[in-house]
Structures are given as structure tokens and as C-alpha cells.
Amino acid sequence: MRLGVLCSGNGSNFENIVRTCREDEVVLMVYNKKDCGARKRASKLGIPHAYIKSKDENAIINELRWAGVDLVVLAGWMRVVSPHFINAFPDRIINIHPSLLPKHKGLHAVEQALNSGDTETGCTVHFVNEELDSGQIIWQSKVPILEDDTLESLTFRIQREEYNILPLAIESLR
Ligand code: GRF
């Protein structure tokens, strides 16, 4: 499988995929924030990477196609993708989200969970469709919300779980 990963931020999920998936499977990382951590990680790991503004969707599509990508992974891609983009890779775009969807869609999902009074939250890998954080769920994992949790501590534990489930979800799509 040839994976293309889209990132806007720190890129820890991207690095985790590179380290846990089969050798040379991540063929491209596209990023839309010039100095993001994902770029530094790609350089360090020797993964081909390209900076493309998110509004240049056709350029992103072309780059992914050029690289022969057959599964697109949104790993901290802070931008809603358009129907045009979704149709370019039908049923082959997945996203990792830090909540137990359908709960807490959108930005600030961890904060929402923390303020909800719930005793658990988690993370979800799902297919991307035209509605935000609403596509078919591929994999989920629960994370307890502890009484003394802060945004930082809960985010940390959810991310640890993300590192487990994103590779499992990818594996399940082979
Ligand atoms: C992850 O927590 C993911 O759930 C959310 O963005 C974050 C990306 O983190 N969509 P990183 O860039 O992989 O470190």
C-alpha cells in the first residue's frame, strides 16, 4: 500500500505511521503550514514531502497521484476537505480524531470532552466524507477521563492511544 499523509502540525502521528507501517510505505507527506513539526520529522525520516497551500487542492491531488498514493491519511490536517478532493480518492481518505465520535466533532474535541462531565472519551479513525468528522468509523479506542485531568494530560493520553489505533486502522484496510 502506498500512503500519503497530510499534516498541519506537530506530525507525531505521521512519524508513528512511518515507524510502524511497512518499510517505504509512506511515500509522501503534504503539509500546509510552512514551519510545522511534520516537515522537520519528514526531513529527519527521509520521507518525500511537499508544502502546498490547502486552497491549492488540485496541486495536492496531483502530487498524491504522482506519488501513486492509494490511501490518504489526514493526520492533524487542520482543514476541511472539499467534495472535489473526496471524489478524487473515493473511500480512500481517512482521518484521526481525538474523541469517541459521534461525540465532540470539530476543533477542541478534547476540551469538549473534558467539560462534558463524561468519564471517558477516546479517539476515532474514520473515513472522510462531506460532513465534518461524520464518515464511517473504522477504529475507536476509549480513554478514561480522570478527575484531575487537564487539557494537557488528557490530550497526552488520547494521543498515546492514537498511535495504537491509526496503524491498526490502516492495516485493516489492506
Ligand atoms: C491529533 O491529536 C489528531 O487527533 C488531531 O490532530 C492531532 C495531530 O497531532 N486530528 P500530530 O500532528 O499527529 O502530533
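Visitor: How many aromatic pairs does the count come to here?

Guide: Rings of Phe, Tyr and Trp (its six-membered ring) pair if their centres lie within 6.5 Å; planes under 30 degrees apart are stacked, over 60 edge-to-face, and the rest tilted. By this rule there are 2 aromatic pairs. One of them is tilted: Tyr31 and Tyr51, at 5.7 Å centre to centre with 50° between the planes. This pair links distant parts of the chain, 20 residues apart, with Tyr31 in strand β2 (residues 26-31) and Tyr51 in strand β3 (residues 49-51). Strands (E, at least two residues) and helices (H or I, at least four) are DSSP runs, numbered from the N terminus.

Visitor: What should I know about the model itself?

Guide: It is predicted: local features need pLDDT of at least 70, side-chain atom pairs count only at pLDDT 80 or more, and totals for chains, interfaces and linings use all residues. Residues are numbered from 1 along each chain as its sequence is written, and side-chain values use heavy atoms, leaving out hydrogens and water.

Visitor: Which residues are around the ligand?

Guide: A residue is near a molecule if one of its heavy atoms lies within 4 Å of it. Here the residues include Asn10, Ser12, His97 and Glu162. Helix α6 (151-172) is among the elements that each supply at least two residues of this shell.

Visitor: Which polar side-chain atoms lie by an oxygen atom of the ligand?

Guide: A polar contact is a pair of N or O atoms within 3.5 Å. A polar side-chain atom of Glu162 is 2.4 Å from a ligand oxygen, and one of Gln159 is 3.0 Å from a ligand oxygen.

Methods: Polar contact = N/O pair within 3.5 Å; in protein donor to acceptor, adjacent residues only side chain to side chain.
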